[in-house]
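Hi there,

Here is the structure I promised to pass on to you. Have a look at it first, and then read my notes below.

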Amino acid sequence: MENLDILRNLVQSHPHIDSHAQNLLKKESIDEYLDKFLGHSTSKANGIALLKARTGFPFMRATRQLSELYGSPCADWPDAISAHSEFVNTDYEGLIRRSLVGTQALILDDLFDEYEETESFNLHDSFTASPTKRIVQIEALAESAILQVAKSERKPDESVWNNFRQRFLDAVSSAMEDPNVVGFKSVVCSRTGLGVDPYSSDDTTLAGSLVRTLDSGTTRSGFTVEDKPICDWIVQQTLKAISLGRYSGVGKPLQFDTGFGDDSTVLEGANPTNLQPLIDKYSNADMVLLHSAYPFTREAGCLASVHPNVYLSLGGPFPMISREGQEKIIRESLELTPTNRLLWSSDGRFHPETFWLANVQFRRALEMVLVDYVQHDDLGVRQAMDIAVNILFSNANQLYSLNLSPNIAPEARDEMMGNTSRT
Ligand SMILES: [Zn+2]
């Protein structure tokens, strides 16, 4: 039993790298986003569907669980809202600090960095031991390049396609060189699905796709990339740049949003097996399937077990599905996925509580599953501890080339790693 306590302690207290999350809100913007508080932590629904999510089990569980964070009982939604508002008003920094306990480093999408309502990347650094790193969303990069094309004066001998093409490739290349950017993310899943063609269309087809994209927006409203040839091209070019980077020793993976529960995603297109031709073609580029690829976790595990360039990130369903569902995801991911291919991410966004709920629920589910495997003699304690450290810290540290050491006080290190009791 003593060994199990060491395992439990390690799972609960070893620092983690949060490999996929988004910016926190500024204190003055919290009220504006109050209706999304907890709703968006526990559901990906929108509008009326989001209101109905309040009757869902994950929402009820999260409401009760927040009592631990706030230090005051939360029996229902009004209790949680009132405790949340009081904490924000009296000690927002303290709430962030408490919510990010155990988080050594954050890897944030760059999508919200320029929003007025959200905190800058640098602000997050003051709450973690190691600096915040960035992930560049490639569709946003393309949309920004298209906006520049639409605003620029057209030279008589220059094609619109070539103009866009060069701007996008330059933007990817400068992200490859930026030491604060540790990878890319694609939301192609919710645009045209994960069935990305590994081979590029011809220039005439791509130019037509760009024209349709330009026609569907304005310089005032902006442009959305959702035409298949151009969506596929953006992914292909990013993977080419990543593959080339690998040859010169730069490792930056491409994360794929797998569209968990998003109302704009066609579920059939979100199955990661759709990515197989692309994974084969760009075998030198590392790819991360976000959100546990839920509900296709086992399919994602199959891919990761045979393709050394595929990783599975376990964030997303924490705290969005029930406790049993979360444990099942960890069990299903361990069925086949090599344990050096599993990553943790909170998928936290805006409210500090989204980070806290995800981290607490994940560590509890991981502890439950690993302890169970040790009790059934499927794993030794030391093996289970290695798996926990890999998932929480080491795999992300290596994949995103962070070169961090776990931030554990020297006097706590032996106890946490179980070295004292093993001598
Ligand atoms: Zn996400």
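First, the ground rules. This is a predicted model, in which local features need pLDDT of at least 70 and side-chain atom pairs count only at pLDDT 80 or more, while totals for chains, interfaces and linings use all residues. Residues are numbered from 1 along each chain as its sequence is written.

The chain has 17 helices and eight strands (DSSP runs numbered from the N terminus: H or I of at least four residues for helices, E of at least two for strands). Of its 423 residues, 45% are buried, meaning that 20 or more other C-beta atoms, placed from the backbone, lie within 10 Å of a residue's own.

Now find helix H7, residues 138-151. Its 14 residues reach 20 Å from first C-alpha to last, close to the 20 Å expected at 1.5 Å times one less than the number of residues. Ile138, Glu139, Leu141, Ala142, Ala145, Ile146 and Val149 are the buried residues of H7. They cover an arc of only 155° around the axis, so they sit on the same side of H7 (the arc is that of the directions from the helix axis to the C-beta atoms).

Next, strand S3 (133-137) is among the elements that the buried residues of H7 pack against, with contact meaning C-beta atoms, placed from the backbone, within 7 Å. Four of the five residues of S3 are buried. S3 pairs in the parallel sense with S4 over four bridges (pairing takes at least two DSSP bridges), and Ile135 has Gly183 in S4 as its bridge partner.

Enjoy exploring!

How values were computed. A residue is buried if 20 or more other C-beta atoms lie within 10 Å of its own, exposed if 12 or fewer, and partly exposed in between; C-beta atoms are placed from the backbone. Two residues are in contact if their C-beta atoms, placed from the backbone, lie within 7 Å.
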